[in-house]
Structure formats: C-alpha cells, structure tokens
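Before reading on, please take a moment to look over the sequence and the model shown here. The briefing then turns to its pockets and to its sheet.

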Amino acid sequence: MKFTEQLDLFLKARFTLIILVSSEEERALQAIRVLCDKTGRGCQSWDTADGFQWIAKTSGSVPVAKDPLAALEKIESADENHCSLFILKDFHEVWSNPIIKRKLRSLSQKLKYTRKSILITTPTGAIPDELKNESVQVEFPLPDSQEMEQVLLDLTQPAGIKINLTALGREKLVQAAL
C-alpha cells in the first residue's frame, strides 16, 4: 500500500495522532499536500520558527501560536470544517515536557469525536511510552526509481544543465542515487 493510501485510510478511520518517521520532511509534506488537495482536506503545519502555515486549502486565516502548548490549544479550538489535518514539525523536541505530553494525550482522546487529526513529523521512531497507545506510527518510504528519475529531471531542467547520458547511464545514475 502506498504511503498516501495508508495515510488516507488512517484519516478516514479517524486516527487522531499519527507519528510520521522520516528524514525527508519536504518530500513527505509534498505527498501530504497532494493527498489533501485530492481529498479536499484542509491542512496546516506548525513549527516553533514559523508558527502555523497552510499546506493545503489556503483560504482563511491561520491561528497564531509560537509555543507548543498554544499550538495544541489552537488545534483544539479550530473549526474542523476549516482545517482537519494539523502537522506538527519537530514536535519530538518538546514532547518530553510533561505538560505538553499530557495535553497531547488529552487532545488526541478528545479529537476522536471530531474529524481533526494531528500528524507529527520526526526523524526518529522514539515515542514516549505514554503516547504509544494513543498514536499510530508510519514510516515514510524512501523514493523509488521513478521518483529518483523525476528528481534528476527537476534538478537539471530549471538550471539549464545539459546531461548527455545514455539510457543505461541514466538508469545507473538513478540506481546509484537509490
């Protein structure tokens, strides 16, 4: 099952806390954006540097929250028709705080009665014991050869770089990148 199909299934089943393990945050967010655009879900991301930002369905304002506890409170009070998926970037840095951990657990339980879900991106699979029963963990897969071929094309086209590779040479370059 592809990542986007699996994520869509978790969201339809109303999983409220999804932990996405990936070191490729940008590629993961792009896949989530495509899914949300396709399904009509509103999606916002939050991090300590930039606060809330739209990922998909860019109409309306975004809440203002600079600290993690305020972000969780804004998610709790958000209109689910306006935004149903909230991505918390690098939240693994703060979930060791007992107040944040308790709020995240309570919010996860409360969101079961809504259409809102929280997705936390993290480069490691280390989840606090208190959150393991409240969450589902998903690993973002590494790119396949077709995606790597597209990356090669994306890197060379805009820069105007001319690549003179045979089909076999191109295939070997993609395989080496994998």
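Helices, like strands, are DSSP runs numbered from the N terminus, and a helix needs at least four residues. With that in mind, note that this is a predicted model, and that its largest pocket draws at least two lining residues from each of helix H1 (3-12), helix H2 (25-39) and helix H6 (145-156).

**The largest pocket**
- The space in the largest pocket comes to about 590 Å³, and its lining is made up of 19 residues, with Lys-2, Phe-3, Thr-4, Ala-31 and Glu-147 lying nearest the centre.
- Helix H2 contributes the most to this lining, giving seven residues.
- Sorted by class, the lining of the largest pocket holds eight nonpolar, four polar and seven charged residues.

**The second largest pocket**
- The second largest pocket has a volume of about 240 Å³, and among its 16 lining residues Gly-40, Arg-41, Glu-80, Ser-84 and Arg-115 are the closest to its centre.
- Its lining consists of three nonpolar, seven polar and six charged residues.

**The sheet**
- Six strands form an open sheet with mixed pairing, in the order E3-E2-E4-E5-E1-E6.
- Because strand E3 (51-56) and strand E6 (136-139) stand at the edges and each have a single partner strand, one side of each is left without a neighbour in the sheet.
- On average, and with direction ignored, neighbouring strands of this sheet are turned by 25 degrees against each other.
- Strand E4 (residues 85-89) and strand E5 (residues 117-122) run parallel and are joined by five bridges; Leu-85, for instance, has Ser-117 in E5 as its bridge partner.

Technical notes:
Residues are numbered from 1 along each chain as its sequence is written. This is a predicted model: local features need pLDDT of at least 70, side-chain atom pairs count only at pLDDT 80 or more; totals for chains, interfaces and linings use all residues. Side-chain values use heavy atoms; hydrogens and water are left out. On a 1 Å grid over the protein atoms alone, a cavity is a set of points where a 1.4 Å probe fits but cannot get out, and a pocket is an open set with protein on both sides within 12 Å along at least five of seven lines; lining residues have an atom within 4 Å of a point. Grid points are joined across faces, edges and corners, and a volume is the space filled by probe spheres set on the points. Ala, Val, Leu, Ile, Met, Phe, Trp, Tyr, Cys and Pro count as nonpolar, Asp, Glu, Lys and Arg as charged, and the others, Gly among them, as polar. Two strands pair if DSSP finds at least two bridges between them. Axes are lines fitted to C-alpha atoms, for helices over the stretch in contact, and angles run from 0 to 180 degrees between N-to-C directions.
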